[in-house]
Amino acid sequence: MSSLLRVQGRIGQRTLLLTTAAVPLTGWAVHAVALHKQLAATRRDPLTGLLRRDAYTARARRLLARHGDDTALVMIDADHFKAVNDTMGHPAGDAVLAAFGARLTAWARPRASVGRLGGDEFAVVLDLPAARLEQRLAQLVRMLRTPVVLDDGRTVDVAASVGAATPDIVGSRDLAVLQRAADAALYDGKHTGHAVIAATAHTTVASVNGRRAGRPGTSLRGRAA
């Protein structure tokens, strides 16, 4: 009997050790999950769910390095967005931005880098062969022209200007160069209802923080990013 008791005692001690060891490990696991959620929240814009500028930039550069000339950078600017805020209120403006975020995510698909760069300005870097570029850009313009229905039943007519740049046409895989070219192309087609694909000449347009100089939010002290 004494031998049996000793064996049972050793088993009990091991069970206790495993149980007590699991408690702090479980605590760390919960902490790790919470920390991961906090980090994810800092990477994403809370209104649209899109990547913030830093997270978008890091992911975009990885995509450009991986896919090279088969990538496209697309800049998107909501048309007449200030008028929506002024006439229908900021909640309506927020609903429009959230809808744009959802539509861009659906259009670009999961592996793309989709970011809200600020205000009503968005950018996408995705794997997109040149043969499909025009077709996919036309699809995006149509998606962004679909009216947004608010919770109170009102309908907001929306549209966006779209410019795109590709490494093979622009002659560079540098994110800043592509953004500058795509942004310049966007403004060439502003309010036309058609996406514009950048040519080499669009890379020479003056830019501040990757945006066409003179746009709201640019600063003479900034630099292309």
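At 3% relative accessibility, T166 counts as buried, where buried means under 20% relative accessible area, exposed over 50% and partly exposed in between, using a 1.4 Å probe and protein chains only. This is a predicted model, in which local features need pLDDT of at least 70, side-chain atom pairs count only at pLDDT 80 or more, and totals for chains, interfaces and linings use all residues. Residues are numbered from 1 along each chain as its sequence is written, and side-chain values use heavy atoms, with hydrogens and water left out.

**Around T166**

T166 sits in the loop between β6 and α6 (167–170). Helices (H or I, at least four residues) and strands (E, at least two) are DSSP runs, numbered from the N terminus. Leaving aside residues up to four places away in sequence, T166 touches T71, A72, L133, G171 and L178; contact means heavy atoms within 4.5 Å.

**The chain as a whole**

Stepping back, the protein chain has seven helices and nine strands. Buried residues make up 40% of its 225 residues. Among contacts with a separation of 6 or more, 65% join residues 24 or more positions apart. The chain exposes about 12600 Å², and carbon and sulfur atoms supply 58% of that; accessible areas come from the Shrake-Rupley method with a 1.4 Å probe, and for residues only the protein chains shown count as cover.

**The nonpolar cores**

In soluble globular proteins, nonpolar side chains tend to be buried together. Here the largest nonpolar core has 33 residues, and V74, I76 and V124 have the most contacts inside it. Such a core is a set of buried Ala, Val, Leu, Ile, Met, Phe, Trp, Tyr and Cys residues joined through side-chain atoms within 4.5 Å. The elements giving two or more residues to this core are β1 (71–78), α3, α4, β3 (121–127), α5 (133–144) and β6 (160–165). Helix α4 gives the most, with eight residues. Apart from this core lies another, of 21 residues, including Y56, L63, L117 and L178. V74 itself touches W107, F122, V124 and V162, among others, not counting residues up to four places away in sequence.

**Helix α4 and its partners**

Helix α3 (residues 81–88) and helix α4 (residues 90–108) pack at an angle of about 145°, with their axes 6 Å apart. The axes are lines fitted to C-alpha atoms, for helices over the stretch in contact, and angles run from 0 to 180 degrees between N-to-C directions. On the α3 side, F81, V84, N85 and M88 meet H90, A92, G93, V96 and L97 in α4.

One aromatic pair is counted. The rings of F100 and F122 have their centres 6.3 Å apart and their planes at 50°, so the pair is tilted: rings of Phe, Tyr and Trp (its six-membered ring) pair if their centres lie within 6.5 Å, and planes under 30 degrees apart count as stacked, over 60 as edge-to-face and the rest as tilted. F100 lies in helix α4 and F122 in strand β3, so the pair ties together parts 22 residues apart in sequence.

A108 is also found in helix α4. It touches V114, V124 and L126, not counting residues up to four places away in sequence.

| Residue | Relative accessibility |
|---|---|
| F100 | 1% |
| F122 | 0% |
| A108 | 6% |
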